[in-house]
Amino acid sequence: MSLPLLQSDGSMPSQETDNLSQNVLNSGNSFPNSGMLSMIPNLKGSNANDFFQCLEKVGKLAGWNKEHLLTISEVKIEGPAKKYYDSSIKQNSELTYDTFKNFIVSHFADDQSFAIDFAKFSSAQQYEHESVRDFSVRLQSLVNKSFCDDTEENEVLSKFRTKILLSKFMSGLKPSLKAPLVVQNPTQFKEAVEVAIRVEKSLNLQNPNVNALASNPQDTEVEKLKQQQNDCMSKMSLMIEQMAILSDQISKLQNKSANTNSRPYVNSPVRRQVTCFYCNIKGHIEPDCRKKLRDQRRERQFANANRGSNSQRQNQSENLNG
């Protein structure tokens, strides 16, 4: 006892498939290699491309012509494809295999396109730097792709389209824009867009720096570079001053260890970078300035001389009065 052949999708061959060869023979054409029919799956609609690709490959091996392929397609059809065939294709008296294939593929390709477009519309969200107006235009484009032009002629579908567009627009906005819009509770899509734009402008006025950065990225980069350069120069100046102070402290420690009043002059590369605030000469700092020491010595000598002359004049005046 031989087992029946299974189709490529795992189902059993139908009675119509068993009688397929006889149907073709009744039309006056020979039907070679009828046993290869079990290799062809049923045509359900969603698998249209795979079905016709398999049918043509098997038909090429089996030596079937276009009329054989059309007959096989009409017998193998089922489900949504069968409903579409009975309502729109079967009445065509001059139907050929190529015409049948184009009808089926184009019809179910449109169904797949609708599913993809509607999925994009359902998952749409406002981008980080996308304006309200741009988001509304993008949503309208997606909903136009999802619904055909005939929707406008159908009042019920038109109302559904408007309602779903308004709902998706409000749910897809940024949280900062969504909350005020829910409070306003607009009933029309155009009204919702206008309210959202006003809220967006208000938020932009409260955060002008953020908007400026977002609108002028080149200026932002230049400002960042300038700020980094200024910070670097400030850190270098501070570092030089700290190293000069450290050098001065080292000199003081050396003076204490040597028990001498003279300060050794440290001519290090660091000290050559600093400038004395007293004489404006590079190479030392004000506490080590020799000119300042000389000036201070002269001031003390001059002050002592003035005190001596004043005391002599006072003694002379006292003698004259006595």
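**Entry 1: a pocket**

I looked up the lining of the second largest pocket and found I240, E241, A244, I245, Q273, V274, T275, F277, I285, E286 and P287. A pocket here is an open set of points on a 1 Å grid over the protein atoms alone, where a 1.4 Å probe fits, with protein on both sides within 12 Å along at least five of seven lines; lining residues have an atom within 4 Å of a point. I noted that this is a predicted model, where local features need pLDDT of at least 70 and side-chain atom pairs count only at pLDDT 80 or more, while totals for chains, interfaces and linings use all residues. Residues are numbered from 1 along each chain as its sequence is written, and side-chain values use heavy atoms, with hydrogens and water left out.

The second largest pocket has a volume of about 250 Å³, taken as the space filled by probe spheres set on the points, which are joined across faces, edges and corners. By class, I got 7 nonpolar, 2 polar and 2 charged lining residues (Ala, Val, Leu, Ile, Met, Phe, Trp, Tyr, Cys and Pro count as nonpolar, Asp, Glu, Lys and Arg as charged, and the others, Gly among them, as polar).

**Entry 2: α8 and α10**

Next I turned to helix α8 (residues 155–172) and helix α10 (residues 189–206), which pack at about 20° with axes 9 Å apart. Helices are DSSP runs of H or I, at least four residues, numbered from the N terminus. Axes are lines fitted to C-alpha atoms over the stretch in contact, and angles run from 0 to 180 degrees between N-to-C directions. The angle therefore makes α8 roughly parallel to α10 (under 35 degrees counts as roughly parallel, over 145 as roughly antiparallel, 65 to 115 as roughly perpendicular and the rest as oblique).

Which residues make the contact? I found L165, L166 and F169 of α8 with F189, A192, V193 and A196 of α10, contact meaning heavy atoms within 4.5 Å. This contact of α8 with α10 has 7 nonpolar residues, no polar and no charged ones.

**Entry 3: α9 and α10**

Helix α9 (residues 175–184) packs on α10 at about 130°, their axes 9 Å apart, so α9 is oblique to α10. I saw S176, L177, P180, L181 and Q184 in α9 meet A192, V195, A196, V199, E200 and L203 in α10. I sorted that contact into 8 nonpolar, 2 polar and 1 charged residues.

Methods:
Helices (H or I, at least four residues) and strands (E, at least two) are DSSP runs, numbered from the N terminus.
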